[in-house]
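Here are some short notes for a first look at this structure. Please read them with the model open.

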Amino acid sequence: MAELEEKQSFYLLSLGCAKNLVEGEHVAGMLLSQGYAARSDPHEARWLVVNTCGFLTSAIEENIDHILELAARKQAWQKLVVLGCLVGRFGKKLMRNLPEVDLFVSPGQVGRLPELLAQGCKSALAPARGVLGFSTPRAVSTGPAWAYLRLSDGCARSCSFCAIPHIRGKLRSRPLADIISEASLLAENGMLELNLVAQDLSAYGQDLGMVNGLQQLLGELEQIPQISWIRMLYLYPDVLQENFLQAVASYKKVLPYFDIPLQHVSNRVLKAMGRPHHNEELLERFMLLRNLMPQAVIRSTLLVGHPGEEQEDFEQLFEFINKFKFNHLGCFAFEAQRGTKSAYMPRVDSRTARQRQRKIMAAQKRISRAYGKALVGSEQAMLFLGPHPQSDFLGAGRLWNQAPEVDGEVIVVDGQAQPGTIVRVRILKAHDYDFEAEII
């Protein structure tokens, strides 16, 4: 390989959540705009770039394994770069313990990556400020016809179990015009579905002095002709107010899909978590949503085994999910995050926490199965993604009520369509989380 080509090629591995994926797309976009060539094989790239997650202990361990694997296979002419949340959380410690890495970049310095590579820096560690937006090149890696759209970075909340504010900093919303410019460009490039992401969508614009910022943004996105679906991912229960729900119900393109991390319903546990809501308020808001928008699909996430969770608290949570019946639900067992308030509280036995997690998910599987069976025979809108990865004789897609990467898929057993188009399908069979369907 020629020396010039070696210097101008990169391999990118993005790990973690959808927000991290967007940041990785900006990394790729910046490098491509500077003349670097992307490589799918790490053996062929000069720069081995790992965009990390640093939230849960299990994720941290997985990220370290990936870094060490690349380091072990790195050749003399290659350089290893680690950036993102893991560096934002453990930057100096990583520098001491991973001498194999040639450059560490914290989230606040990711926008300088091409400059850092050119200068041959060893590290660039600084608090997170700003947020990458329309002016920063982005190479979208999802699709066909769908993409994530990040509204903000950081978080203004102070949940006792969460390290995000420490890693990503305070809430920093992108100007509305900047978001609309990017959304319009995505639409011009064929994106029909925009999935809005942030640490807290419901807080969008608060730091900019906006009132009802998310509602304003949705109204603007609604006006982009080419966009068909707008999905909101990660809202706090605060947003469940009548005026907001009525606005969403009036929009034609904003899907009645609500991703609202509940975490818990016990007042004692909610207080220990630093969550601002109480049981009665949460129940009232969720019932308001059900009453105003009966067709709404609701996803939530729960955290069991948090310090202070007694058996009666868990039973209250278990009763709630069986009564309310979320359409989609994820549940995590508590993992202490160093530097958070919860890490210093008396802990629930980890085995007990995992047992509670399994009990929740077993109940949710029954709920999801019943929800899926109720859709059998119905006609639904689906984004057709193309041939199924496991068989050229099948197709793959997602219904309007399935968020990418978390809510299952549709296996198309009959019918053809152009990948990246929204079609009507008839549901033929429901599995625990997936469907079989035919294109009408």
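1. Start with Tyr234. This is a predicted model, and in it Tyr234 counts as partly exposed, because its relative accessibility is 26% and that class lies between the buried limit of under 20% and the exposed limit of over 50%. Tyr234 sits in the loop between β11 (229-232) and α9 (242-250). Its backbone deserves a look too. The phi of Tyr234 is near 75°, a positive value in a residue other than glycine.

2. Next, go to the loop between β6 (123-124) and β7 (146-150), where Pro144 is found. Check the peptide bond from Gly143 to Pro144. That bond is cis, and its omega is near 10°.

3. Stay in the loop between β6 and β7, which also holds Ala145. Ala145 is not a glycine, yet its phi is positive, at about 70°. Is Ala145 buried or exposed? Ala145 counts as buried, because its relative accessibility is 8% and buried means under 20%.

4. Now turn to charge on the surface. Which residues gather in a patch of positive charge there? They are Lys92, Lys93, Arg96 and Arg338.

5. Take Lys93 from that patch. Lys93 belongs to helix α4, which covers residues 85-97. With 39% relative accessibility, Lys93 counts as partly exposed.

Note on methods
Residues numbered from 1 in each chain as written. Predicted model: local features only at pLDDT ≥ 70, side-chain atom pairs only at ≥ 80, totals over all residues. Heavy atoms only, no water. Patch = residues over 30% accessible without salt bridge, like charges linked within 9 Å, V, L, I, M, F, W, Y side chains within 5 Å. Areas by Shrake-Rupley, 256 points an atom, 1.4 Å probe, with all protein chains shown as cover. Salt bridge = Lys/Arg side-chain N within 4 Å of Asp/Glu carboxyl O. Lys, Arg positive; Asp, Glu negative; His and termini not counted. Charge placed at Lys NZ, Arg CZ, Asp CG, Glu CD. Helix = DSSP H or I, 4+ residues; strand = E, 2+ residues; numbered from the N terminus. Buried < 20%, exposed > 50% of the residue type's maximum accessible area, 1.4 Å probe, protein only.
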